[in-house]
Amino acid sequence: MLTSHHARSLESFEASSEASFEEPSEPGESGAPRTAADGPNGHVLAVGAPGPGIDRLTRTLVSAGHGVSHARPGDVGRQLRQTPPDAIVALDGSLDGLEVIREVRAAPAGRALPLLMVTTDSGPSGVADMLRGGADDCVPDTSDPVELSARIEAKLRRVPVPVENLLLDPRTGLYSQPHLLGELDRELKRADDSRSGGVVAMVGVAEMAALEARLGPRVRREVAERLAGVAEKLGGVCDRLGWDEDGRLLMLMPGVDEDTARRALQKFANTVAGTRFVVADENVRLTPAIGWTPLTDCPDRHQAVDQARDAVAESIRHRDLRPVKYAAWMAGAPRGRRRFTMAVQALLSALSPLFVLVLGVAIPFVFYQQMYELGWDVGSAAYWVVVSGLIVSAVLIVLECLFSLDAKSRPERPAQPYPPASAVIAAYLPNEAATIVDTVESFLRLDYPNELEIVLAYNTPHPMPVEDTLRDMARRDPRLVLLPVAGSTSKAQNINAAVTRVRGDMVGIFDADHHPDPDAFRHAWHWLSHGYDVVQGHCVIRNGDSSWVAKLVGVEFEAIYAVSHPGRTRLYTFGVFGGSNGFWRTDLLARTRMHGSMLTEDIDATMRALHEGAKIATDRTLVSRELAPTTVKALWNQRSRWAQGWLQVSLKYLWHAMRSPDFTFRQKAGLFVLLGWREVQPWLTLQILPVLLYAAWRAGGPAQLDWAVPICLLATLFTLSAGVVQALFAWRLAIPELRRRKVWFWRYLLVSTFFYSHFKNIVARQALLKEALRDHQWRVTPRSGGDQDKAVPRA
C-alpha cells in the first residue's frame with residue numbers, strides 16, 4: 001500500500017483531471033484498471049504497487065491518450081517480455097526507485113526504453129542518483145498531468161539508446177564496445193583464413209592512477225576522448241577506435257603489416273606526448289603506453305585484448321613512448337632457459353679477450369698469409385691502411401682541439417624572461433644513499449629568478465632510512481618534489497616518469513652526484529631562449545684527490561667537455577647530450593623521452609632529437625661537479641657500458657643518418673666520425689699486430705725487419721703527438737681550479753699515451769663481443785668510492 005504522504009502528494013493528479021477521467025469498466029488483476037494495450041499516443045507500462053497512487057497515475061496516462069498496462073515491482077521483466085511498451089513510468093514512493101530502475105535496465109527489452117520516475121523526493125540528490133542510475137527523467141508527483149504527458153511524448157519522439165548500443169558514441173566518436181569487439185571477431189576470422197595480417201592495440205596512460213586519485217573517475221573517459229581526438233586528426237590506420245571494459249582505448253588495425261602498424265602507433269604516441277591536454281580543467285601531459293599484438297597470433301578476441309593489455313603493462317613500466325609488442329613472458333609464461341643463457345653469456349664474456357685475439361689478430365694474419373700464397377700481397381696494403389687510419393684519427397683529434405678555441409660563446413642576455421624551470425635528479429638509492437642528501441642541498445641553493453622545482457625521481461628495491469631524511473627536507477622546502485618510481489630498473493624510466501610531472505618550461509637532467517653551479521639554470525636559459533632546444537654543460541670531477549684513477553678521469557673529463565664537445569659542435573654544427581648537466585626544452589623532452597633498453601640512453605636521445613631538427617649547444621662554462629670512479633674495476637665497468645652503448649646507437653642510427661635528407665653533408669661527416677669511425681678505429685689499431693706478424697713472416701723473422709722506415713716513424717710520432725696536443729688543450733681550457741693541478745695533466749699525458757688509450761680500445765673491442773652475445777648487464781658505478789659494483793639487467 002502507498003503511504004499516506006504519497007497518497008496526499010498525488011492528489012494534484014486527481015484534482016486537475018478528475019472531471020475528464022472515465023473509470024474503466026473492468027478492474028485488472030492487480031487492482032489497477034486495465035486499459036487497451038494501444039493508444040493514439042503509444043503504450044506506457046506503469047510500474048508501482050497497487051493502490052490509489054497507481055490508479056490515479058493510470059487515469060492520467062489514459063486521459064493523455066496512452067494505452068496503459070501495469071506491473072508490480074519485481075515483475076517488470078516478465079511484463080516487458082509479454083507486452084513490450086513504448087515507455088515506462090514508475091512511482092517512487094515506498095518503493096526503492098533505484099531498485100526499480102535497475103530492474104528495468106536489467107531486462108533486455110528495457111535497456112533502450114524511455115523511463116520516467118514520478119518521485120516524492122524533491123531533493124536534487126535523489127533526482128541526481130536516479131538519473132545516474134539509468135532514469136531518463138524524474139517528475140515530481142506534484143507536477144501537472146499535462147507536463148507529465150508532454151515529457152512522455154518528448155521521450156517517445158527521441159527514444160534514448162544506450163551508448164553501447166550505438167555504432168558510434170556521439171560524445172567521443174568511438175565505436176561502442178560491442179560493435180568494436182564484433183569487428184575484432186570478424187577480423188580475427190579473416191586473418192585466420194587469409195593470413196592478411198592486422199593488429200589490435202590498446203592505449204593506456206601512465207599517469208592515469210594519479211589523475212584519477214586527484215580528479216576522480218570521470219577523468220578516465222575524458223582522457224580517452226582526448227586520445228581519440230588525436231587519433232582522428234592523424235587518420236590513417238589508427239581510425240577504428242573503441243573501449244575495453246576498463247575504459248582504455250582500443251585500436252583495431254586490420255589488414256596492415258607489423259612495421260606499418262608500429263610506425264603508425266609510434267607517430268600516435270609521439271603526437272600525444274607532445275600535446276598539452278585540458279582534462280577536468282587542468283593542463284596535463286600524458287604518457288601513452290601502447291601494447292599491441294598481431295591478429296594472426298590470437299585465437300579469439302578475449303585473448304587478443306588480454307595480450308594487448310599485458311603489453312600495455314610493460315609499456316607503462318618504461319614510459320618511453322615505444323609501442324610494445326606482446327611476448328609470452330609478459331603474461332607470466334616462463335622465459336625459457338634464461339639462467340642457462342645468462343651463464344653461457346658470462347662464460348663467453350670471460351673468454352672475450354681470447355676471442356678478440358682470434359678475431360683481430362689470428363684470423364687476419366692467416367688471411368694475409370693465404371692471400372700471399374695466392375699471389376696477393378694484401379698484408380702490405382693493410383699496413384698502409386693502418387698507418388692512414390692512425391693519421392686520420394690523430395688529425396681528427398687535432399681538428400677538434402683547434403675548433404674548440406672558436407667555440408660559440410653563450411649569449412650574454414636571455415631573449416625572453418626566465419620561465420619556471422625544473423631540475424630532475426635521477427637516482428638509484430642503494431647506490432646514492434651516501435651522497436643524495438648533499439646533492440639535494442646543493443640544488444636547493446641554486447640561484448634562479450623564477451620558480452625552480454627540484455624533482456628527485458628515484459627507485460629502490462627496498463625502503464631506506466635516507467628516505468625519511470628526504471621527506472623531512474621536502475616538508476621544509478616545497479621546491480623539493482620526491483617521486484618514487486615503482487618498478488623502475490633504469491635512469492631512463494625515472495626521467496620518463498618525471499617529465500610529465502614537471503611544471504617548468506625548461507628541464508635540467510642530472511645524475512644523483514651532481515652539484516651544479518648556482519647560476520647554471522640562468523645561463524642555460526640564455527641558450528634556450530635564443531632558439532636552442534638542448535644545451536650540454538661541462539661536467540667536472542670533484543673527487544680527484546681520492547685516487548689516481550679519479551685524477552685520471554678528472555683530466556679526461558676536461559678533454560671531453562672542455563675540448564672535444566665544444567670542438568665537435570663547432571666542427572660539425574651539432575652538439576651531443578651527455579646524460580647529465582644537460583638542459584632541455586620540456587616539450588622536446590616530453591616527445592623524445594629516454595629509452596631504457598639503450599645502455600647510453602643519452603646518446604640515443606640525442607640522435608632522435610637531431611632527427612627531429614633539434615639544435616643542441618655545448619657550453620663549457622656551464623659547470624656541474626660530479627664524482628669519478630675511484631678504482632680500475634669501477635672505471636672498467638663504466639667505460640664498458642659507455643662503449644657498448646655507443647655501439648648500440650651506431651648500429652641503430654648510422655645507416656639511417658647517412659641516408660637522411662635532414663642532415664647536411666657536414667653533419668653527416670660528423671655523424672660518421674661519431675658513430676662509424678669510433679667503432680672502426682679500435683679494431684684498426686689492433687691490425688698493427690697481424691700486419692707486423694705478417695711482415696716478420698715474409699722477411700724470415702723479426703730481426704730481418706727494417707724498423708726505421710721513415711713513414712712509419714713519422715706516422716707513429718704524429719699519432720702520439722695528438723694525445724699530447726689534446727692534453728695541452730685540456731689544460732688550457734680547463735676550469736681554473738683544475739688548471740692549477742698541472743701535475744694531473746702531465747700524469748694524464750703519460751698514462752694516456754702509453755696505457756689509457758689502449759685500455760679504452762680494449763674496452764671498445766670487448767663491447768662489440770658483449771653486444772653480439774646480447775649481454776646487456778649494466779654495472780652501477782659506485783658513488784662513495786667503495787667496491788659496490790652491482791650488475792643490473794637491462795630490458
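This is a predicted model: local features need pLDDT of at least 70, side-chain atom pairs count only at pLDDT 80 or more; totals for chains, interfaces and linings use all residues.
I begin with the cavities. The count comes to six cavities of 30 Å³ or more. The second largest cavity has a volume of about 50 Å³. Its lining consists of His565, Arg568, Thr569, Tyr572, Phe574, Gly575, Val576, Thr618 and Leu674. Which helix gives the largest share of that lining? Helix 21, residues 548-572, does, with four residues. By class, the lining of the second largest cavity has four nonpolar, four polar and one charged residues.

The largest cavity holds about 60 Å³ of space. Around the largest cavity stand Val203, Gly204, Val205, Met208, Arg220, Val223, Ala224, Leu227, Gly247, Arg248 and Leu249. Two elements, strand 6 (198-205) and helix 10 (218-234), each supply at least two residues of this lining. Helix 10 gives the largest share, four residues. By class, seven residues of the lining are nonpolar, two are polar and two are charged.

Strand 1, residues 43-47, and strand 2 run parallel and are joined by five bridges. Within this pair, His43 has Gly67 of strand 2 as its bridge partner. Together with helix 3, residues 52-63, the two strands make a right-handed β-α-β unit.

Is strand 2 mostly covered or mostly open? Strand 2, residues 67-71, is mostly covered, with five of its five residues buried. In a regular strand the side chains alternate between the two faces of the sheet. Here Gly67, Ser69 and Ala71 point one way from strand 2, while Val68 and His70 point the other way, and all are buried.

The next topic is an open sheet of eight strands, in the order 15-14-13-16-19-18-20-17, with mixed pairing. Why is one side of strand 15 and of strand 17 left without a neighbour in the sheet? Strand 15 (480-484) and strand 17 (515-516) stand at the edges, each with a single partner strand, so one side of each has no neighbour in the sheet.

Strand 13, residues 421-428, pairs with strand 16, residues 506-511, in the parallel sense over six bridges. Ala421 stands opposite Met506 of strand 16.

Of the 11 residues in strand 20, residues 616-626, nine are buried, and the strand is mostly covered. Strand 18, residues 534-541, pairs with strand 20 in the parallel sense over seven bridges, and Val535 has Ala617 of strand 20 as its bridge partner. Strand 17, by contrast, pairs with strand 20 in the antiparallel sense over two bridges. There the bridge partner of His515 in strand 20 is Arg625.

I close with the nonpolar cores. The largest has 55 residues, and those with the most contacts inside it are Ile509, Trp584, Met594 and Leu675. Helix 25, residues 665-686, contributes the largest share of this core, six residues. Apart from it lies another core, of 35 residues, among them Phe443, Leu444, Tyr448 and Ala512.

Thank you for your attention.

Terms used:
Residues are numbered from 1 along each chain as its sequence is written. Side-chain values use heavy atoms; hydrogens and water are left out. On a 1 Å grid over the protein atoms alone, a cavity is a set of points where a 1.4 Å probe fits but cannot get out, and a pocket is an open set with protein on both sides within 12 Å along at least five of seven lines; lining residues have an atom within 4 Å of a point. Grid points are joined across faces, edges and corners, and a volume is the space filled by probe spheres set on the points. Ala, Val, Leu, Ile, Met, Phe, Trp, Tyr, Cys and Pro count as nonpolar, Asp, Glu, Lys and Arg as charged, and the others, Gly among them, as polar. Buried means under 20% relative accessible area, exposed over 50%, partly exposed in between (1.4 Å probe, protein chains only). Two strands pair if DSSP finds at least two bridges between them. A crossover is right-handed if, with the strands pointing away from the viewer, the path from the first strand over the helix to the second runs clockwise. A nonpolar core is a set of buried Ala, Val, Leu, Ile, Met, Phe, Trp, Tyr and Cys residues joined through side-chain atoms within 4.5 Å.
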